Structure formats: C-alpha cells, structure tokens
Amino acid sequence: EGHLAMSISTTPAPLTRRLDAEWEHLVSSPATAQALARWSRHEPALAGLTDLGQLRGIVHDRTNPERGDCILAALVRLGAVTGHGDLLAARVVLQLLVPGAIRLSQSLSAMIGDQPTSEAMVFAELTILIRTYPWQRRPRRIAATLLLDCRQRLIRGHDRTRAEISAGLTLHE
C-alpha cells in the first residue's frame with residue numbers, strides 16, 4: 001500500500017520539463033532522422049542538417065539570425081495545415097520557441113493568474129498559431145511574429161472576458 005502511494009504522482013511535472021523530456025526522446029529517435037531527410041527534400045533550407053540538436057543550435061545562434069529564420073520558415077511551412085501538415089515539424093517549431101515562450105508566460109502570469117496556467121496557455125496558443133501560420137504572406141521573422149501574435153491573442157482574450165466596469169450610470173436612475 002505504501003509502495004503504491006509513492007509511485008503515483010499527484011502533481012504533474014511542469015510543462016516545460018515534460019516538453020524537454022519529449023524533445024530528448026525526439027532528438028534520438030530514428031523516426032526523427034527519417035523526417036529530417038524527408039523534410040530536406042521539400043525544403044532546401046533544411047538540407048545538410050543531420051539531427052535536431054544541430055537544427056536547434058543553428059536556430060538559436062544569434063550570430064546568424066537570417067539562417068535561423070530561414071530554417072524556422074521552412075519548418076512552419078512543413079508544420080502548418082496549409083503547408084504539409086506535418087505534426088512533428090510543428091512540434092519542433094514549438095520546442096525552438098520554448099525560451100521565448102517561457103519569457104512570455106512569465107510576463108503574462110500576473111494578468112492570467114499563475115505561472116503554470118500562463119505557461120499552459122502560451123504553449124497551447126503557440127501550437128495553434130504554428131499550425132495555422134500564414135506562411136504565404138508572413139515569410140520572415142517567424143519566431144518574433146509567433147510570439148507577438150500569441151501575446152496579442154492572450155491579452156485580447158483576457159480583456160474580452162474581464163468583467164465590465166460601470167461608467168457611473170445605473171439602470172435605476
């Protein structure tokens with residue numbers, strides 16, 4: 001009985017920790033290597049990339065932001081439903097945005113309520129935005145665009161659901 005109680009966790013690991021654990025699995029997966037090869041046939045910007053670790057290193061390299069943006073643009077075209085609809089490509093884009101998503105969730109947590117809720121909302125909204133990204137008309141500055149759109153949608157959604165404040169008139173006057 002005591003052993004059973006210790007093996008059941010009542011609180012899930014924080015979302016970013018679960019995403020990172022899944023990422024580590026994806027990095028070493030043979031299916032991911034096959035996907036990279038397949039993607040490079042559709043997207044020349046991905047040619048020569050051998051694994052997700054290398055891909056992440058290039059995208060996060062601030063000395064050549066144009067190359068990182070080209071790779072993100074290729075991945076968004078692969079992951080968007082109006083592109084190739086590849087769920088793994090969309091998941092890779094989400095992982096590449098984790099540092100910005102964490103900063104965004106921290107900045108919104110006071111408005112939304114708490115850090116875990118804010119983080120979950122940011123990652124959920126980013127996933128939707130990646131899958132529906134309008135890559136045909138917004139082909140550059142992918143990370144910034146996704147994060148700013150996410151911020152805007154969450155703030156607007158919060159503002160729409162906030163209680164209205166009376167302007168001073170009451171129905172009985």
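At what angle do the axes of helix α3 and helix α6 cross? This tour answers that question and then moves on through the model.

The model is predicted, so local features need pLDDT of at least 70, side-chain atom pairs count only at pLDDT 80 or more, and totals for chains, interfaces and linings use all residues. Residues are numbered from 1 along each chain as its sequence is written, and side-chain values use heavy atoms, with hydrogens and water left out.

**First stop: α3 and α6**

Select residues 30–42 (α3) and 87–96 (α6). Helices are DSSP runs (H or I, at least four residues), numbered from the N terminus. The two axes come within 11 Å and cross at roughly 100°; axes are lines fitted to C-alpha atoms over the stretch in contact, with angles from 0 to 180 degrees between N-to-C directions. The helices α3 and α6 are therefore roughly perpendicular (65 to 115 degrees). Thr-32, Ala-35 and Trp-39 of α3 meet Leu-88, Ala-89 and Val-92 of α6, where contact means heavy atoms within 4.5 Å.

Now select α2 together with helix α8 (residues 115–131), whose axes come within 9 Å and cross at roughly 45°. That makes α2 oblique to α8. Leu-15, Thr-16 and Leu-19 of α2 touch Glu-119, Ala-120 and Phe-123 of α8.

**Last stop: the largest pocket**

Finally, select Val-59, Arg-62, Leu-72, Ala-143 and Ala-144, which lie nearest the centre of the largest pocket among its 18 lining residues. A pocket is an open set of points on a 1 Å grid over the protein atoms alone where a 1.4 Å probe fits, with protein on both sides within 12 Å along at least five of seven lines; lining residues have an atom within 4 Å of a point. Helix α5 gives the most to this lining, with five residues.

Conventions. Helix = DSSP H or I, 4+ residues; strand = E, 2+ residues; numbered from the N terminus. Parallel < 35°, antiparallel > 145°, perpendicular 65-115°, else oblique.
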